[in-house]
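Here is a brief report on one protein chain.

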Amino acid sequence: MSGGVVIGHDGSPDADEALRWAAALAERASWPLHVVRAWHLATAPQPPGWAFGYVPPLTEYEAAVLADVRSDVVAGLGAERAAVVTCHAVHAAPGSALVDAGRHADVLVVGARGHGALARFVLGSVSDHVTRHPPCPVTVVPHGRSALGDSG
């Protein structure tokens, strides 16, 4: 990824808000928008080739994750806006995947909280990681701030 907005998306409501914020920024700045979903086998959806007693290759899991993130982007932005978005499925820990993806970005965007047991109480661990190891400017979109200039 070279330049533009990189956003981490885990399928959570806060990630959806951050996606809308990142898309608005990318549109205003005429930058490309890259949506990254980090995954591992425990978090990946079952690929179509999965069957009891058979573990499909990682490429099939990656394709299933990519299909999920594309679906979430279309749901969050609409088909027309989503058509210009590039989605990435990265087999890595979320914090590390986003720091790596943001190395050549203009800005890295994450939601304040994602999936997890303590998500509603504290800044998410991924948000915390990328703000402690910023590869570029980082924006953490707080809950309720899905649009640029939103004062609510």
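A search of the whole structure finds zero disulfides, a disulfide being a pair of cysteine sulfur atoms within 2.5 Å. Cys-87 is buried, at 12% relative accessibility. Cys-136 is buried too, with a relative accessible area of 12%. Buried here means under 20% relative accessible area, exposed over 50%, and partly exposed in between (1.4 Å probe, protein chains only).

The model is predicted: local features need pLDDT of at least 70, side-chain atom pairs count only at pLDDT 80 or more, and totals for chains, interfaces and linings use all residues. Residues are numbered from 1 along each chain as its sequence is written, and side-chain values use heavy atoms, with hydrogens and water left out.

**Strands**

Helices (H or I, at least four residues) and strands (E, at least two) are DSSP runs, numbered from the N terminus. Two strands pair if DSSP finds at least two bridges between them.

| Strand pair | Bridges | Residues facing each other |
|---|---|---|
| β1 and β2 | four bridges | Gly-8 and Val-36 |
| β1 and β4 | three bridges | Val-5 and Val-107 |
| β4 and β5 | four bridges | Leu-108 and Val-138 |

Strand β1 covers residues 5-8. Val-5 and Ile-7 point one way, Val-6 and Gly-8 the other, and all are buried. The chain crosses from β1 through α1 to β2, and this β-α-β crossover is right-handed. That term applies if, with the strands pointing away from the viewer, the path from the first strand over the helix to the second runs clockwise.

Strand β4 (residues 107-111) pairs with β1. Val-6 has Leu-108 of β4 as its bridge partner. Five of the five residues of β4 are buried. Val-107, Val-109 and Gly-111 cover one side, with Leu-108 and Val-110 on the other. On its pairing with β5 (residues 138-141), β4 again runs parallel.

**Helix α2**

How far does helix α2 reach from its first C-alpha to its last? Its 20 residues (58-77) reach 28 Å, close to the 28 Å expected at 1.5 Å a residue. The expected span is 1.5 Å times one less than the number of residues. The buried residues of α2 are Tyr-61, Ala-64, Val-65, Leu-66, Val-69, Val-73 and Leu-77. They pack against α1, β2, α3 (79-82) and β3 (85-91). Contact means heavy atoms within 4.5 Å. Beyond its neighbours within four places in sequence, Val-73 is in contact with Leu-19, Val-35, Gly-78, Ala-82, Val-85 and Cys-87. Gly-78 follows α2 and has a positive phi, near 90°.

**Cores**

A nonpolar core is a set of buried Ala, Val, Leu, Ile, Met, Phe, Trp, Tyr and Cys residues joined through side-chain atoms within 4.5 Å. The largest has 26 residues. Val-5, Ile-7, Leu-33, Val-35, Val-73 and Val-109 have the most contacts inside it. β1, α1, β2, α2, β3 and β4 each supply at least two residues of this core. α1 gives the most, with seven residues. A second, separate core of 10 residues includes Val-36, Ala-101, Ala-105 and Val-110.

**Loop residue Ser-30**

Ser-30 lies in the loop between α1 (13-29) and β2 (33-39). Is Ser-30 buried or exposed? Ser-30 counts as exposed because its relative accessibility is 65%. Its phi is near 55°, a positive value in a residue other than glycine. Most residues other than glycine have a negative phi.
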